[in-house]
Amino acid sequence: MSQFTELRGLYHLRETIGSGGFAKVKLAYHALTGEKVAIKIMDKRSLGEDLPRVKTEIEAMKDLCHQHICKLYQVIETETKFFMILEYCPEGELFDYIVSKDKLSEEEARVFFRQIVAAVAYIHSQGYAHRDLKPENLLLDEDQNLKLIDFGLCAKPKGGMDSQLFTCCGSPAYAAPELVSGREYLGSEADLWSMGILLYALLCGYLPFDDDKIPSLYKKIQSGKYDTPSWLSDESKSLIASMLQVDPKRRVTIRHLLAHPWLMADAQCPVEWHSKYKRCLDEDCLTELAVHYGKTKKDMEASVSEFKFDYLTATYFLLLEKKMKGRPVRLLNKI
Ligand SMILES: [NH3+]CCCOc1cc(-c2cn[nH]c2)ccc1C(=O)Nc1ccccc1
């Protein structure tokens with residue numbers, strides 16, 4: 001019997017697939033489609049000062065819909081718990097993938113980094129800075145595509161992406177010099193620095209700035225001095241150097257990255273960063289939902305387009321996933 005009455009009949013819970021701090025993530029099956037999902041479960045009583053982080057993440061993920069961002073399907077809030085029903089990424093963290101391969105070839109690093117650039121260009125275009133970009137927050141789906149998670153530290157400055165931020169957050173080894181120095185900073189520029197650390201980790205298998213003691217680590221970051229292995233190509237060294245500029249005003253911008261020669265190598269086109277999700281609702285999914293719930297298509301379209309992030313939102317998105325993967329747009333156990 002499901003230990004959570006809120007999920008009964010909606011999701012069939014299976015094993016724990018991940019955990020981080022204040023949350024446990026479990027594999028589950030969405031009852032109406034049979035599709036796998038990940039359910040991030042948080043107990044409000046143990047959240048403490050992390051409660052605002054959960055609300056930040058939920059509101060941001062409701063706004064963000066992109067092929068390289070882990071999709072939020074449904075939110076269930078009870079008196080004592082939050083449940084976030086999320087896109088399932090069966091191949092785990094990019095962090096573990098890098099460790100398993102020691103380091104990646106330029107070609108493989110390029111495929112991943114193009115996806116990271118696409119995701120960050122998209123969230124910046126929506127007015128968000130992630131502020132905790134690192135391989136542990138990039139998951140691999142069944143097709144080895146990257147999905148960005150953990151928007152708990154993201155910022156959507158009221159005055160837009162050119163507004164300064166002050167909160168020092170994120171993981172120290174990926175934090176920008178202006179951030180660790182306690183100066184005000186732009187979220188977009190801090191994200192670009194973290195992406196430079198990420199690219200270095202993809203290509204080298206270790207971090208450019210590392211130290212067991214935080215003050216020493218911060219000094220190394222502020223110096224901006226790091227070793228570049230001799231076997232790195234000149235183009236890779238140049239791209240990393242353009243991102244690991246201590247002066248944020250000299251740092252490469254996301255716009256320049258989109259068509260950067262290193263990213264365009266192997267005769268690639270500029271990074272296609274726009275969301276592949278259409279604004280209009282999918283007719284086949286609406287038809288299947290209308291038949292299942294015995295509603296007119298018009299009424300079903302009106303209900304789905306409210307995007308309440310309830311079970312109907314989850315069912316719509318999971319039907320759309322099935323269609324995008326070439327599987328039948330069908331619901332199980334008709335009424
Ligand atoms: N480092 C990731 C550990 C597993 O965490 C997740 C996995 C999935 C996932 C797994 N499969 N599909 C999605 C989706 C979300 C998370 C997540 O947000 N974890 C987390 C972030 C911050 C604090 C606490 C926990």
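1. The loop between H4 and strand E6 (138-140) contains Arg 131; helices (H or I, at least four residues) and strands (E, at least two) are DSSP runs, numbered from the N terminus. Arg 131 is not a glycine, yet its phi is positive, at about 75°.

2. The model is predicted: local features need pLDDT of at least 70, side-chain atom pairs count only at pLDDT 80 or more, and totals for chains, interfaces and linings use all residues. Residues are numbered from 1 along each chain as its sequence is written, and side-chain values use heavy atoms, with hydrogens and water left out.

3. Asp 150 lies in the loop between strand E7 (146-148) and helix H5 (177-180). Its phi is near 60°, a positive value in a residue other than glycine. Asp 150 is buried, at a relative accessible area of 14%.

4. Helix H4 covers residues 106-125, and its 20 residues should span 28 Å at 1.5 Å a residue; the expected span is 1.5 Å times one less than the number of residues. The end C-alpha atoms of H4 are 27 Å apart, which agrees. Because 17 of its 20 residues are buried, H4 is largely enclosed by the rest of the structure. Just after H4, Gly 127 takes a positive phi of about 90°.

5. In H2, the buried residues are Val 54, Glu 57, Ile 58, Ala 60 and Met 61. These pack against strand E3 (36-43), helix H1 (44-47), strand E4 (72-77) and strand E5 (81-87), where contact means heavy atoms within 4.5 Å.

6. Helix H11 (residues 283-293) and helix H13 (residues 311-324) pack at an angle of about 130°, their axes 9 Å apart. Axes are lines fitted to C-alpha atoms, for helices over the stretch in contact, and angles run from 0 to 180 degrees between N-to-C directions. This angle makes H11 oblique to H13; under 35 degrees counts as roughly parallel, over 145 as roughly antiparallel, 65 to 115 as roughly perpendicular and the rest as oblique.

7. The axes of H11 and helix H12 (residues 297-304) come within 9 Å and cross at roughly 110°. H11 and H12 are therefore roughly perpendicular to each other. On the H12 side, the contact is made by Lys 297, Met 300, Glu 301 and Val 304.

Methods
Buried means under 20% relative accessible area, exposed over 50%, partly exposed in between (1.4 Å probe, protein chains only).
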